[in-house]
Amino acid sequence: MRLLPLQHRRPRTLLVQAAVPDMKVLLVVAAALLRRDPETQEPSVLLAQRPAGKSMAGLWEFPGGKLEPGETPEQALRRELTEELKIEVPPASLLPLSFASHAYTEQGFHLLMPLFACTEWEGDPVGAEGQQLIWSNAAELESFTMPPADVPLIPAIRRALTAM
C-alpha cells in the first residue's frame with residue numbers, strides 16, 4: 001500500500017462560517033430532564049415555553065439559563081432549575097450530553113450552550129416564572145417550535161430517550 005501525502009484544501013465558504021468580529025459569546029446551560037411517563041412508561045423530556053415579554057416568547061426550549069460570575073455550568077444549571085421549576089437536582093445527577101453553538105447575528109451574540117441529561121431530581125417541576133411545561137416523547141420533539149440553538153440538540157436527546 002502506498003501512502004499519499006495529505007492534501008490541504010481551502011475550506012468551502014458554504015461549509016465554514018467565520019466568527020463575526022466583536023460578537024459577544026454568551027454561555028448558557030440547559031437540561032434534558034428525562035423520565036418515563038407515569039401512565040405509559042414511555043420515555044419523555046421536559047420542555048418549557050418561553051413566557052410573554054421575553055425574547056423568543058412562545059418558543060419551546062430545554063430549561064436552563066445564564067451563568068452568574070464564578071459559577072460552573074453545573075452550579076448554574078442547578079440554580080436555574082430551582083428558580084424556574086422549583087426542583088432540587090443532586091450534583092451527581094447532571095451528566096454532559098451535548099452542546100449547541102449558534103450565532104444570533106441580528107442580536108449581536110454567539111450562544112454556547114452545554115446540555116446536561118438529568119434523570120433524578122426532588123419535587124415536581126412547575127413553571128415558577130409563568131412558563132408552560134410539557135413532557136414530550138422522542139417522536140413529538142420536532143413538532144415544537146424551538147429557538148434555533150435548541151434544534152440541533154434534538155438528536156442527542158432522542159438517543160438518550162431511546163437508551164432509557
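Predicted model: local features only at pLDDT ≥ 70, side-chain atom pairs only at ≥ 80, totals over all residues.
Student: How many salt bridges does the whole structure hold?
Tutor: The search finds 6. Side chains of opposite charge can pair when their charged atoms come close.

Student: What makes Arg-50 and Glu-61 a salt bridge?
Tutor: Their N to O distance is 3.1 Å. The limit is 4 Å, so the pair qualifies.

Student: Where do the two partners lie in the chain?
Tutor: Arg-50 is in the loop between β2 (43-49) and β3, and Glu-61 is in strand β3. They are 11 residues apart, and the pair links distant parts of the chain.

Student: Are Arg-50 and Glu-61 buried or exposed?
Tutor: Both Arg-50 and Glu-61 are buried.

Student: Why does Asp-150 have no salt bridge?
Tutor: The nearest side chain of opposite charge is Arg-50, 7.6 Å away.

Student: What does the side chain of Asp-150 reach instead?
Tutor: The backbone nitrogen of Phe-62, at 3.1 Å. The polar limit is 3.5 Å, so that distance falls inside it.

Student: Where is Asp-150, and which residues does Asp-150 contact?
Tutor: Asp-150 sits in the loop between β7 (133-136) and α2 (154-163). Leaving aside neighbours within four places in sequence, Asp-150 is in contact with Glu-61, Phe-62 and Met-113. Glu-61 is also the salt-bridge partner of Arg-50.

Student: What makes Glu-80 and Arg-79 a salt bridge?
Tutor: The N to O distance is 3.2 Å. That is within 4 Å, so the pair counts.

Student: Why is Glu-80 called buried, but Arg-79 partly exposed?
Tutor: Glu-80 has 9% relative accessibility, so Glu-80 falls under the 20% cut-off for buried. Arg-79 has 21%, so Arg-79 lies between 20% and 50% and is partly exposed.

Student: How do you know that Glu-83 also pairs with Arg-79?
Tutor: The closest N and O atoms are 3.3 Å apart. The cut-off is 4 Å, so this is a salt bridge.

Student: What separates Glu-83 and Arg-79 along helix α1?
Tutor: They are 4 residues apart, which means about one helical turn. Glu-83 has a relative accessible area of 35%, so Glu-83 is partly exposed.

Student: What makes these charges one network?
Tutor: Salt bridges that share partners join Glu-71, Arg-79, Glu-80 and Glu-83.

Student: Where is Glu-71, and how do you know that Glu-71 makes a polar contact with Arg-79?
Tutor: Glu-71 is in the loop between β4 (64-66) and α1 (73-85). The side chains of Glu-71 and Arg-79 are 2.7 Å apart.

Student: What else does Glu-71 reach or touch?
Tutor: The side chain of Glu-71 reaches the backbone nitrogen of Glu-68 at 2.7 Å. Not counting residues up to four places away in sequence, Glu-71 touches Lys-66, Ala-76 and Arg-79.

Student: How many aromatic pairs are there?
Tutor: The count comes to 3. One of them is Trp-60 with Phe-144.

Student: Why is the pair of Trp-60 and Phe-144 called edge-to-face?
Tutor: The planes are at 70 degrees, and the cut-off is over 60, so the label holds. The rings lie 5.5 Å centre to centre. Trp-60 is in strand β3 and Phe-144 is in the loop between β7 and α2, 84 residues apart.

Student: What makes Trp-121 and Trp-135 stacked?
Tutor: Their planes are at 15 degrees, under the 30 degrees cut-off, so the pair is stacked. The centres are 6.1 Å apart. Trp-121 is in the loop between β6 (109-118) and β7, whereas Trp-135 is in strand β7.

Student: What sits over the ring of Trp-135?
Tutor: The charged end of Arg-35, 4.0 Å from the ring centre. Trp-135 itself is partly exposed, at 22% relative accessibility.

Technical notes: Residues numbered from 1 in each chain as written. Heavy atoms only, no water. Helix = DSSP H or I, 4+ residues; strand = E, 2+ residues; numbered from the N terminus. Polar contact = N/O pair within 3.5 Å; in protein donor to acceptor, adjacent residues only side chain to side chain. Contact = heavy atoms within 4.5 Å. Buried < 20%, exposed > 50% of the residue type's maximum accessible area, 1.4 Å probe, protein only. Lys, Arg positive; Asp, Glu negative; His and termini not counted. Phe/Tyr/Trp six-rings, centres within 6.5 Å; stacked < 30°, edge-to-face > 60°. Lys NZ or Arg CZ within 6 Å of the ring centre and 35° of its normal.
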